[in-house]
Amino acid sequence: MKGHETLAAALSDLGVSTMFGLMGDGNMYFVDSFVQRGGRYVAVANEAASVLMASGYAWASGEVGVATVTHGPGLANTLASLVSGARDRVPLLLLTGDTAYNGREQGQKIDQAALVLPTGAGFEAMTSANSGPAVVARAFHRALVERRPIVVNVPVDFNFEEVEYLAPTMVNVAGVPSIPGDDAMDVAVGIMASARRPIVLAGIGAIDGDAPQALTELAQTLGAPLLTTLAAKGLFGPDKYDLGVCGTLSSPPAVDAIMASDCIIAVGASLNEFTGGGAGWPYFRGKHVVHCDADPSALATQYLADAPVLADATLFARTSIDWLKRAGYASSGFRETITLGSGEGIAKASSGEFVELIDALVELNRVLPVERAITVDGGRFAWESIKRLEVPRARCWAGTFRGFGAVGNALSTAIGVGMALSGLPSVAVVGDGGFMIGGLAEFNTAVRYGVDLIVFVCNDGTYGAEYGKLVAHGFAPESSYVDWPDFAPVAQSLGGSGFTIRNATDLAGLASVIADRDRPLLIDLKLDRTASPKEY
Ligand SMILES: Cc1ncc(C[n+]2csc(CCOP(=O)(O)OP(=O)(O)O)c2C)c(N)n1
């Protein structure tokens, strides 16, 4: 086999079916081999999007996302996306071409390891033409175990060498779920049993398999309400006692319950200050904390827990229930005493002249099919969007403004999510600034691949986050204004549909526009820049 064929064969043997990329001298032969083998190759418009789409795909599918770019500038275009992937702990493989080792005069030559390593992604270099499959397999398994992007460096001169293909083996890196130790459980169950107002908080370490169900049962046993981290929003599906997100974005009833509680049982959540309610961790202060995680690094980085338990989330929950029942424990009854519901206020009603962001989000939430995926970008529209838009389960929710705080990632991520979860609409909620940073070109990618994408552009004609800060500090805000063209006709030119909402009458048409969509749809929501939410 030729070198490029062995790379495609290795991916196929590792079960990779979809790859996002943009081709150039460094990777095009390998892309061709991948397609020849029946792989689905998604040609993006900008390299940054290849990593973002692969991230969305990885997140929604629970598999390793795979992307490919060419050397030099192609790889350089992915750097911000790699940082986001590394900080958001996305298992991802990026196969990048590299110039030949001896191609010193090649204009696109650059030290690719030096480029990649500061992003937080890992780097695996092919060292000979026949090393490809082993390097790809190692990178693939590292991506799964280390939960971050791993870049595989493929020098172009290895592509055409004739080499022997040695198929890599797929290793079950999940291994045996870790059983909670008796000593740790003794302390944890003692704390749970003596709590009078416990709450159960779950993170992305508890989104898969039986963990949501097992934690729901543990909460029921304890009489505890349920909460999730922002990243795990939707984890408990529709549950009467689910209070939503725990943290700075909590709803008023959730904040009341958290503040009233005396014990937090956090499972699969690598706790951070945002989950803790902001600086000083007000939500955790003065409470007993049980912290279970299968990943020792999640326990090692926080010193909050009275009872750290290194264990699989499901085994922890089931063991806790078992021990509590055997001890004759009776429910605390706490969750029967708290106020349920979202507690979110309704906006000033949109009049015939304009539309309020919150009204539009409430209407979008109402008219979307229950089975939907939501990806929210960064910007001042984001907090209300996170609060108002519901998802049926955890992997249907993606926030792209987390680890690196990059604006413009949501639309591409939503395309990857939509490709992993076909059969439901993938909704990207973005600002006008974010759409132009990273969405415009890739909207057409959704068109080309028939993704059921709905883009909701919260268009206030300004970088609203900056607008709010400029005004707050007494600066003139005009430098933050941008007069974009109307996006609906742009969406049509790109092969999709477009719909503009300027007022309450237009908003009333949203339901039918969404119901009748037959291609990627962009909704341009025109907002008053002075009236949009100021909090950021
Ligand atoms: C890649 C990137 N560029 C710039 C910023 C700075 N930034 C943070 S929020 C924001 C505003 C985005 O504007 P828009 O998408 O229109 O949303 P809005 O705040 O107006 O709701 C910007 C530019 C960033 N975080 N990331």
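The model is predicted, and its protein chain contains 21 helices and 18 strands. The radius of gyration of the protein chain is 24 Å, close to the 24 Å that the globule rule gives for 536 residues, and the chain is therefore as compact as a globular protein of that length. Taken along the principal axes, the box filled by the C-alpha atoms is roughly 70 × 65 × 45 Å.

Of the 536 residues in the protein chain, 57% are buried, while the accessible surface comes to about 21100 Å², with 54% of that area belonging to carbon and sulfur atoms. When contacts between residues at least 6 apart in sequence are considered, 74% of them join residues at least 24 apart.

Helix H13, which spans residues 357-367, is mostly covered, since nine of its eleven residues are buried. Among these buried residues are Leu357, Ile358, Leu361, Leu364 and Val367, and the set also includes Asp359, Glu363 and Asn365.

| Element | Residues |
|---|---|
| Helix H14 | residues 382-388 |
| Strand S16 | residues 453-459 |
| Helix H20 | residues 504-508 |
| Helix H21 | residues 510-515 |
| Strand S18 | residues 521-526 |

Note on methods:
Residues numbered from 1 in each chain as written. Predicted model: local features only at pLDDT ≥ 70, side-chain atom pairs only at ≥ 80, totals over all residues. Heavy atoms only, no water. Helix = DSSP H or I, 4+ residues; strand = E, 2+ residues; numbered from the N terminus. Rg over C-alpha atoms; globule rule 2.2 N^0.38 Å. Buried < 20%, exposed > 50% of the residue type's maximum accessible area, 1.4 Å probe, protein only. Contact = heavy atoms within 4.5 Å. Areas by Shrake-Rupley, 256 points an atom, 1.4 Å probe, with all protein chains shown as cover.
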